[in-house]
Amino acid sequence: MQFLQLLISGVAQGCIYGLIALGFVLIYKATETVSFAQGELMMLGAFGGLVGMTLLGMPYWAAMLVAVLGMAVFGMLLERLVIRPILGQPAFSIVMLTIGIGYVARGLITMVPGMGTDTQALPVPYKDEIIKIGGNAMGIGALVLNIEHMVVIGATGVLCVLLFALFRYSKLGIAMQAASQNQLAAYYMGIPVQRLNGLAWGLAAAVAAIAGLLLAPITFVHANMGFIGLKAFPAAVVGGFGSLPGAIVGGLVIGLVESFSGFYLPDGFKDTAAYIVVLVMLMVKPNGLFGDTLRKKV
Amino acid sequence: QQGISKDEILLGSIQDLSGPIAGFGKQARLGMLLAVDEINEQGGINGRKVKLLVEDSAYDPKKAVLAAQKLVNQDKIFMMVGHIGTAQNMAAMPVQFEKNVINFFPITAAREMYEPFHKLKYSYAAPYYDQMRLAVPKLVKEKGAKKVCTLYQDDDFGLEVLKGGEDGLKTIGMEFAEKTSYKRGATDFSSQVSKMQASGCDFIVLGTIIRETIGAIGTARKLGYSPTFIGSSAAYTDLIHKLGGPAMNGLYATMTVQNPYTDEQAPAIRFWANKYKTKFNEDPTVFSVYGYSIVNTFATVAGKAGKSLSTDSFIKVMDSLNIPSDIFGSAPQSFSATKRLGSSASRISQITDGKWKVVSEYVGDPALKK
Amino acid sequence: MSTQPPPISDQPVLKLLNVESAYGPIKAIRGVSLQVRRGEIATVLGSNGAGKTTILKTISGIIDPRKGSVEFKGEDITAQDPSYIVQEGLSHVPEGREVFPLLSVRDNLQMGAFTRSDRDGVARDMESVFTYFPILRERATQDAGLLSGGQQQMLAISRALMADPDLILLDEPSLGLSPKLTKEIFEIVVRINRERGTTILLVEQNANMALNASDYGYVLENGRIVMEDTCAHLREKDDIKEFYLGMKKDGVRGERRWKKKKTWR
Amino acid sequence: MSEALLSAQNLSVRFGGVLAVNNVSFDVKQGEVFTLIGPNGAGKTTVFNLISRIYTPTTGTIDYAGPKGMLKLTEQPPQAVASLGIARTFQNIELFEHASVLHNLLIGRHTHRKTGLWQDLFFTPKVREAELLAREKAEEVIEFLDLQHHRDSLVAGLPYGVRKVVEMARALCTEPKLLLLDEPSSGLNVEETDDMAFWIQDIKNELGITVLMVEHDMSLVSKVSDRVLAMNQGEVLALGTPREVQADPGVVEAYLGSIGDVSSLRRQTTQEPA
Amino acid sequence: MRFIFKTDYAQDIRLAKHGGHLFWYSALMLLLVAAPWLFAEYWLAQLTFVLIYSIAGLGIMLLAGFTGLFSLGHAAFLGVGAYAQAVLTHHGMPFPLALACAAGLSAAVGLVVGLPALRVKGIYLGMATLSFGFIVEEVLARWESVTGGNAGIHIDKPTLFGWVLETGEQFYFLCLIVTVIATLGILNLLRSPTGRAFVAIRDSEISAQSMGIHLAYYKTLSFSLSAALAGVAGALYAHKLQFISPDQFNIMQSIDLLLMIVIGGVGSVHGAFLGAIFLITMPQAIALVKDYLPEAVGQAPGLQGVVYGTVLIAFVLFEPMGLYGRWLKVRTYLQMFPFYRKGMFKRQKSFQKSDRLK
Ligand SMILES: Nc1ncnc2c1ncn2[C@@H]1O[C@H](COP(=O)(O)OP(=O)(O)OP(=O)(O)O)[C@@H](O)[C@H]1O
Ligand SMILES: Nc1ncnc2c1ncn2[C@@H]1O[C@H](COP(=O)(O)OP(=O)(O)OP(=O)(O)O)[C@@H](O)[C@H]1O
Ligand SMILES: CC(C)C[C@H](N)C(=O)O
Ligand SMILES: [Mg+2]
Ligand SMILES: [Mg+2]
């Protein structure tokens, strides 16, 4: 029973990592950059939802929709204003840009008086509800499923399938990958690289917003909530950066390892488990579980 | 004398304005500003206006040092007041002491704020260690708890809580049945809580601050696990019940001054709270009170030190000072040339119906510590 | 060639006027003017570093010219976004292959047809490309980055054909291809020109092939056009014969150790 | 021109479903120019990659007459290949793009470094001396290949043809015994190909370096090669003098095609553009 | 433009390429030596921090700028150096010896981290180093018997042969000497085969290998050297700050180090110094200015993050070569003054290519 409960917590937490990792992988597949701003976009999305619900008094679903669409537009704007001018520069420059964007986003939110520095709760309708399986009449010894986690798990699955289909089967998705692999050739093929990039960023921001909104009941909304992205990186790496199913599997691996090491191993292992797993993974399988093993052909 | 001019006293403070406990830092700063404004409106201290410079450390010791260097060596402040954070204070104090600048009433309840002795250290906050050492055995006995466990933040703050709890339990012949910890910023406590549940703990000492307190209790509630929880004064904040909602009811925490609710029974507190709210358009918190009291105490002492205010004359007044309980219900404090902690006493409070209620008298003899 | 080739009209499809492009402070082409008529195959000859690739890149918008203008089908496309230019019906086989290394061969070809929306036409062209280069069909699911050099070159050419363009810019299509394939490539190029009326601007080191396949030729030296004429005429010129076709009067080895100065300019 | 400098026996390598090289054996004799030809995808570059240890053969071995006698090349680590006196160029040109030509050549001198980390850190007189010597050697190669004009240019801005030469220069800087050239003339025009032919001959005759090359330009092949090996689909098709191999019907069929006259490409109409 | 007429190969390997260099760098040295008498104490302390960060910057520049390996966990080496120094001097080891040990220990740790670097690149390497950074931080926090855990430890003033460096000035000179030595070492490396091998690996691993460069050896070497420099910087940092705790060496510190060289200019030794100057003065500048800004902005928390991020974005957008790149352009402009043409530094269109295939 204990084991099962740990398994469930691990899967739940793993899906959270996986959900965020999806955003990383999405941006990576479409633009070959690692976005350090993904966590911050998530934070902005959550704040968007919060403003919608508390200040503007919108119902949950409306606020959610507005926040996600708003973030999609924001992502595209971000691309237009900040990323596009240096499109084509080495990926490293763009990575640095995303770090800068992260700083600014965190700072700006913190600057908002009366809101930025505080921790806030997003009043979602399903908060604190749980499902119990088994156990006696009192519910003692039952397996506990948390609705908040179930929602995350469901959303992660759906998003993963959608994104996978986009990149595998749609012309647009393949073109995004093409542009990221060889921008020059993409231009030669008439692929509107800049517009696709804008789209990719919009999509990434929307995915981030979804992640932020789903996470909000679990971690609360605050300026530094994006730092959880630092745990999602290992998830993406373990799965193999660039593989969408890999992101989920990686997230699950990290979540489960954390859950079990937190229970069975001495203190301190839970917090470093993710990183130890990454190091071990990179030694054993340098490109992750699902990453493509490629060498330049000369 | 550095920081004192004909008509101005320059004070410095370092707060976390953009880091993990920015919520606290901001409130403390506002509390200080309120006090400064009140003092200046009343003509200042012996004709000198008070000027307060606040720097941001973002809860980062290195930034705290840089900020301290700026305040001490560049702006040449007279005194550092209400600097937040243990590690940050530890890092900044050498810079201050080199220039004979007093570290006055840092906002952290670590024992290092008055130990080992230094003539420039003054602390007002009952240490987490003493809070837990005294409150835990008392509450354990009251509740008749069988197995006591702890969940603490693995940093200097959490360790103080842990040690206090450990030493307190020793006095009643118990020890922690399970010790679990987490890293600052953690959001998932399921395995820690499961671990404590599995070992059958019915009393949990929390070395947690805001989100972690809520997260841990929330996780337990969802698992249908409801032991007695007690936190330190770091968890004594209105944010706990505001964010955590009804699930937080029943949580105990040690504290000294009361959280100033704007609809508080006591008129003095209510008046003050509303004044604060009118000025800053925000509800005050217990950290606002800390900031406010710190500056006021400074003003009292500086006023007594007279026109020829200097570090030495300040210390002289300070070392024979007795501060009675204030409107917020702080414990009486006293200082001497060897005793640099105002009081180690704290009381216990509990969340009932979504609000902190004081449930005990001060425990701990104020004269217990040297 | 049995099919009656469509006539070459006098209308220029592509017109460069006084174009000047540079890489930073280095001027690569200086005031180049040329035009390609609808339906013809034109070629640009020139030694290494003469600026041939630069001309093609300028046309397809990869480099913005400092001066001058580029006109395509009567529209000014100077310094336009390259993807826009391709959508207008111009496609470019770049120097050095430039395939999408991590996409399959089939996806690479699909990307060639990115601007098209007629599925049937695309499928048909994919078939014909596979008949030109059967190896591509064999490797359709393999990552393009793993193909051999020549196979990648085949892919790059095929990809441009997939766009079904009005004008193809070919930058050294025979690079790294076997002698047999080189000839086949030219046959294909000519066939596409004759059958579909696609206009072609060709840059090629294999001057013999280029001059035979093309209708009109330009000779580029140091970023300037120094000679232009019909290929029939160019084939007869002594300088061309000597420097580009390698038909030296004296075949004595070692004699040309010391390069002769080129005569024109 | 007698004993084998390099001898490959029964080399095979498989990538997934593709048998890129299939049971290939050949000897390269000291002091000759040995050429590999074959249709695209025949496995020529793969043979080079096997020799320079970028790939490991599935089966088969390569023997090489190193400085200390015969050794199994297939058991050497990749970075040891250069110090054994084998240098190569790449089909797609792999230069240090953001460095100057001179810098590229100096990196080519790496196998001849005589100083260690600590000496380098303090730039001892010994390092200075070695640096000057390396520079002199590099200058010799620059002289040899007529690269004076490009000495200080960044590789990224050089025309394709010049880069080919720079890559060859870099390989020569390692002072190899065996030089592997992958399509040295691709991207060069007739005149430049001629120069390349002279250089290859000079490399063989003046520098005494054995050359193994892959090449598609048959005029160059016949001009400089002593022996030619034709491959097809990973297998050996023919081996012999250039003339013999070119006459081999299999080679003509798979590789050469009916070259000869290309005037058939010309537009057949009378309509001459004005 | 200045033309240097070359008559001798030795000219190319000289550190100072011409009289101008010699003059300006001597002047700079003179200024640095005279600094304690010219600057107020506060600014001297800042200058000391600049020197310390420059040393760390040189290290990460060697790794990222010259070998092309980006580390997201460099603060760990800083931490190892700092703690080694703290523990060793506490046990009475004299400063120079402790410094050497700190450097050595960091180098050894760097060697270990270098091992995964042999197999992974780009983002994977970034994650490996990031993970490593987290693990080191945790070890520092958990190994309480040695490191004092999260409570942090105090460091004594450095003693040189029985002579205690009491004042800020003395410590400044110590840092200056170490910095000069480190800089000369790096410059020497860069003009010798070792440095060339690093740069070769950065540009193309496959050709570096075919030139006989042992990738594994040079990558680990680069990691070790870089870590050693970070370790030295960490040791000095510990003395300067006098108090260290594990969270001073967290991911944010690592990112700061990386930002430092990006803003300074990746791939130039100057960049390390300019970046360090920037990193130290920027927060100071904000702190100085914010008191004059309107309350709502000046006192708002988060201002620093916003300014910091904006400056970083601005650099990447407008000056990808960093401060040093900007300086080069200004210099060229001045040298060519009447002949400067517009568009000379106009950025060319450039096109990204997958770096998964390097
Ligand atoms: N990226 C670049 N940066 C700087 N200069 C360049 C760059 N690309 C080309 N050049 C210069 O521009 C001139 C023309 O180059 P271009 O590539 O157009 O020549 P080409 O005629 O195509 O030569 P090749 O036959 O070698 O392909 C050359 O002198 C070259 O040095
Ligand atoms: N790393 C690899 N993975 C999978 N297939 C490969 C790999 N390397 C080569 N091949 C395949 O092996 C065959 C031989 O390739 P190779 O590059 O040796 O050809 P080549 O003879 O050099 O041809 P070209 O003249 O076109 O350069 C090709 O079909 C190629 O697709
Ligand atoms: C304000 C407190 C929560 C600060 C905490 N006591 C610390 O040590 O940093
Ligand atoms: Mg070209
Ligand atoms: Mg090949």
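Tutor: Let's start with a definition: a residue is buried under 20% relative accessible area, exposed over 50%, and partly exposed in between (1.4 Å probe, protein chains only). The model is predicted, so local features need pLDDT of at least 70 and side-chain atom pairs pLDDT 80 or more, while totals for chains, interfaces and linings use all residues; side-chain values use heavy atoms, without hydrogens and water. Residues are numbered from 1 along each chain as its sequence is written, with chains lettered from A and ligands numbered from 1 in the order in which they are written.

Student: Why is Leu265(A) called partly exposed?

Tutor: Leu265(A) has 37% relative accessibility, and partly exposed covers what lies between the two limits. Leu265(A) therefore counts as partly exposed. You can find it in the loop between α10 (244–264) and α11 of chain A; helices are DSSP runs (H or I, at least four residues), numbered from the N terminus.

Student: What makes up the surroundings of ligand 3?

Tutor: A residue belongs there if one of its heavy atoms lies within 4 Å. Those around ligand 3 include Phe24(B), Ile84(B), Gly85(B), Phe157(B) and Phe287(B). By class, the shell holds 7 nonpolar, 3 polar and no charged residues (Ala, Val, Leu, Ile, Met, Phe, Trp, Tyr, Cys and Pro count as nonpolar, Asp, Glu, Lys and Arg as charged, the others, Gly among them, as polar).

Student: Why is the site of ligand 2 shared between chains?

Tutor: The residues surrounding ligand 2 come from chains A, C and D, so the site is shared. There are 22 of these residues, and Ser148(C) and Thr45(D) are among the closest.

Student: Where does Ser148(C) lie relative to an oxygen atom of ligand 2?

Tutor: One of its polar side-chain atoms is 2.7 Å from that oxygen. For Asn40(D), a polar side-chain atom lies 3.0 Å from an oxygen atom of ligand 2.

Key:
Helix = DSSP H or I, 4+ residues; strand = E, 2+ residues; numbered from the N terminus. Polar contact = N/O pair within 3.5 Å; in protein donor to acceptor, adjacent residues only side chain to side chain.
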